[in-house]
Amino acid sequence: MEEGDCGYAPFISDEDDTPLIPTFSHAYYFIKNRNSDSCDLEGTEMLELPSQNVTIAVYDIETSVLYYCEYDS
C-alpha cells in the first residue's frame with residue numbers, strides 16, 4: 001500500500017497483507033479475546049484496545065480443515 005492510501009488488510013496476514021486464513025462460505029469459528037483474562041474490558045471493542053491478544057479457530061465444513069492462530073501484538 002502506498003503512502004496516503006487507505007484500506008484494510010486481513011486481521012491475520014503475512015508481511016505482504018496476504019491472508020493466512022482463507023475466506024469461507026460454510027464454516028464455524030471461535031474467537032477468544034485473551035486481553036479479557038487480565039483486565040476489565042466490558043463494553044470495549046476488541047480492535048480499539050492498545051493491543052490485541054486473540055486465539056482464532058475456523059473450521060471449514062466443506063474441506064474438514066481446522067485453521068488455528070494465536071495473535072499477540
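This is a predicted model: local features need pLDDT of at least 70, side-chain atom pairs count only at pLDDT 80 or more; totals for chains, interfaces and linings use all residues.
Colleague: Which value does phi take in Asp-17?

Modeller: Asp-17 has a phi near 65°, again a positive value in a residue other than glycine. Asp-17 belongs to the segment before β1.

Colleague: And is Asp-17 buried, exposed or partly exposed?

Modeller: Its relative accessible area is 40%. Buried means under 20% and exposed means over 50%, with partly exposed in between, so Asp-17 counts as partly exposed.

Colleague: How do you know that β2 and β3 are paired?

Modeller: A pair needs at least two bridges, and 8 bridges join β2 to β3, which run antiparallel. For instance, Ala-57 stands opposite Tyr-68 in β3.

Colleague: What joins β1 to β2?

Modeller: There are 7 bridges between β1 and β2, and these strands run antiparallel too. Tyr-29 stands opposite Val-58 in β2, and Ile-31 has Ile-56 as its bridge partner in β2.

Colleague: In what order do the strands form the sheet?

Modeller: The order is β1-β2-β3, 3 strands in an open sheet with antiparallel pairing. β1 and β3 each have a single partner strand and stand at the edges, so one side of each has no neighbour in the sheet. On average, neighbouring strands are turned by 10° against each other, direction ignored.

Colleague: Why is β2 called largely enclosed?

Modeller: Because 7 of its 8 residues are buried, β2 is largely enclosed by the rest of the structure. Take Thr-55, which lies in strand β2.

Colleague: Is Thr-55 buried or exposed?

Modeller: The relative accessible area of Thr-55 is 9%. The cut-off for buried is under 20%, so Thr-55 is buried. Leaving aside neighbours within four places in sequence, Thr-55 is in contact with residues including Phe-30, Ile-31, Tyr-68 and Cys-69.

Colleague: Which residues make up the largest nonpolar core?

Modeller: That core has 6 residues: Ile-12, Ile-21, Val-54, Ile-56, Val-58 and Cys-69. Strand β2 gives the largest share of this core, 3 residues. Ile-21 touches Ile-12, Ile-56, Val-58, Tyr-67 and Cys-69, not counting residues up to four places away in sequence.

Colleague: How many aromatic pairs does the structure hold?

Modeller: The structure holds 1. Phe-24 and Tyr-67 form it, 5.5 Å centre to centre, with 55° between the planes.

Colleague: What makes Phe-24 and Tyr-67 a pair, and why is it called tilted?

Modeller: Ring centres must lie within 6.5 Å, and here they are 5.5 Å apart. Planes under 30 degrees apart would be stacked and over 60 edge-to-face, with the rest tilted, so the 55° here makes the pair tilted.

Colleague: Which parts does the pair tie together?

Modeller: Phe-24 is in the segment before β1 and Tyr-67 in strand β3, so the pair links parts 43 residues apart in sequence.

Colleague: How do you class Phe-24 and Tyr-67 by accessibility?

Modeller: Phe-24 has a relative accessible area of 22%, so it is partly exposed. Tyr-67, at 23%, counts as partly exposed as well.

Methods: Residues are numbered from 1 along each chain as its sequence is written. Side-chain values use heavy atoms; hydrogens and water are left out. Rings of Phe, Tyr and Trp (its six-membered ring) pair if their centres lie within 6.5 Å; planes under 30 degrees apart count as stacked, over 60 as edge-to-face and the rest as tilted. Helices (H or I, at least four residues) and strands (E, at least two) are DSSP runs, numbered from the N terminus. Buried means under 20% relative accessible area, exposed over 50%, partly exposed in between (1.4 Å probe, protein chains only). A nonpolar core is a set of buried Ala, Val, Leu, Ile, Met, Phe, Trp, Tyr and Cys residues joined through side-chain atoms within 4.5 Å. Contact means heavy atoms within 4.5 Å. Axes are lines fitted to C-alpha atoms, for helices over the stretch in contact, and angles run from 0 to 180 degrees between N-to-C directions.
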